[in-house]
Amino acid sequence: MDQGETIPELRVTPDKYLPHRYAGASGDFNPIHIDPEFAKQVGLPGNILHGLYAMAQVARANAGAAGDDPRKLKRLSVQFRGMGFPEKEIVVTGTVKEVRDGHAVVDTVAEQDGNKIIRNAEAEIEIG
Amino acid sequence: MDTSKIGKSYPAFEYEVGREKIREYANAVGETNPVYTDREAAKAAGFRDVVAPPMFAVVYSAGAMGPAVLDPELAINFMMMLHGSQEFVWSEPVCAGDTITTTATVKDLREEDGRRFYVFESVSINQDGKETVRGTWTNIVRGG
């Protein structure tokens, strides 16, 4: 893995009920994620994805680039910007920014319809 | 903004990691590697039992973060709060059967461009005293 190299793209489309399953799995039942009517009442276009679900997709893309070994994902930092929605494809892309001491630093972005839902994501993975 | 609570820590939270909970989480986030669901595959890969996906850290840390974010002494305006950013630094993997103890502290409180930043740190250790993850949770409140 060299500087400037891209990591394999990850594409996933969360279905309509994914936020409910993620709520159960994570314990985060904030109604903005699972109740479209509540979400609209607070000014959102509809129920939005959990940011930490989107972050999990960024984690998967980076662990995937490191042989799908959870031990090789050492660090991940992200900024939550924009809103993610169910039933729209998420595309996670990444580029190696730096390689040192057997570790690669990967700049990663998660987008839906060209809107960045996770930006300035930086992952450190063990390589080699 | 009152910064006197920087350094405040909250009671430790203990979480017992269940095999089915790992499977439920792995399925929800779309993990396909059998090390997250199949005990034999996990053992063949060198784990004690099914291993948790890295982001499962949010599941076992949540019980420690709740009282910190809800602390009346910080008086966070939830109506205007956003989860602005998040960092995890992973060490020891977490497997089914582990007991993870997480402690949260107030790492930073600051105001920037009319926005208030409430930054918390969580440190999680397993039953052997080994650190599993260190999290930095940044909540932003618009309009002060």
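**Walking through a predicted two-chain model**

The buried residues of helix α1(A) pack against α2 (31-34) and α4 (51-65) of chain A, and also against α1 (19-29) and α3 (57-69) of chain B. Contact here means heavy atoms within 4.5 Å, and buried means under 20% relative accessible area, with exposed over 50% and partly exposed in between (1.4 Å probe, protein chains only). Helices (H or I, at least four residues) and strands (E, at least two) are DSSP runs, numbered from the N terminus. This is a predicted model, in which local features need pLDDT of at least 70 and side-chain atom pairs count only at pLDDT 80 or more, while totals for chains, interfaces and linings use all residues. Residues are numbered from 1 along each chain as its sequence is written, chains are lettered from A and ligands numbered from 1 in the order in which they are written, and side-chain values use heavy atoms, leaving out hydrogens and water.

Let us stay with α1(A), which covers residues 18-26 of chain A. Its buried residues are Leu18(A), Pro19(A), Tyr22(A), Ala23(A), Ala25(A) and Ser26(A). In an α-helix there are 3.6 residues a turn, so residues three or four places apart point the same way. Just after α1(A) comes Gly27(A), with a positive phi of about 90 degrees.

Now for the sheet. Ten strands form an open, antiparallel sheet in the order β1(A)-β3(A)-β4(A)-β5(A)-β2(A)-β2(B)-β5(B)-β4(B)-β3(B)-β1(B); two strands pair if DSSP finds at least two bridges between them. At the edges are β1 (10-12) of chain A and β1 (13-16) of chain B, each pairing on one side only. From one strand to the next, the twist averages 20 degrees. In chain B, β3 (residues 99-112) and β4 (residues 115-125) pair in the antiparallel sense over eleven bridges, and Thr101(B) has Ile125(B) in β4(B) as its bridge partner.

Finally, look at the aromatic rings. Over all chains there are seven aromatic pairs, counted when ring centres of Phe, Tyr and Trp (its six-membered ring) lie within 6.5 Å; planes under 30 degrees apart count as stacked, over 60 as edge-to-face and the rest as tilted. Phe56(B) and Tyr60(B) have ring centres 6.1 Å apart and planes at 55 degrees, so this pair is tilted. Phe56(B) is buried at 0% relative accessibility, and Tyr60(B) is buried at 2%. Phe88(B) and Trp90(B) also form a tilted pair, 5.8 Å centre to centre with 40 degrees between the planes, and both residues are buried. One aromatic cluster brings together Tyr22(A), Tyr53(A), Tyr15(B), Tyr25(B), Phe56(B) and Tyr60(B).

How values were computed: Axes are lines fitted to C-alpha atoms, for helices over the stretch in contact, and angles run from 0 to 180 degrees between N-to-C directions.
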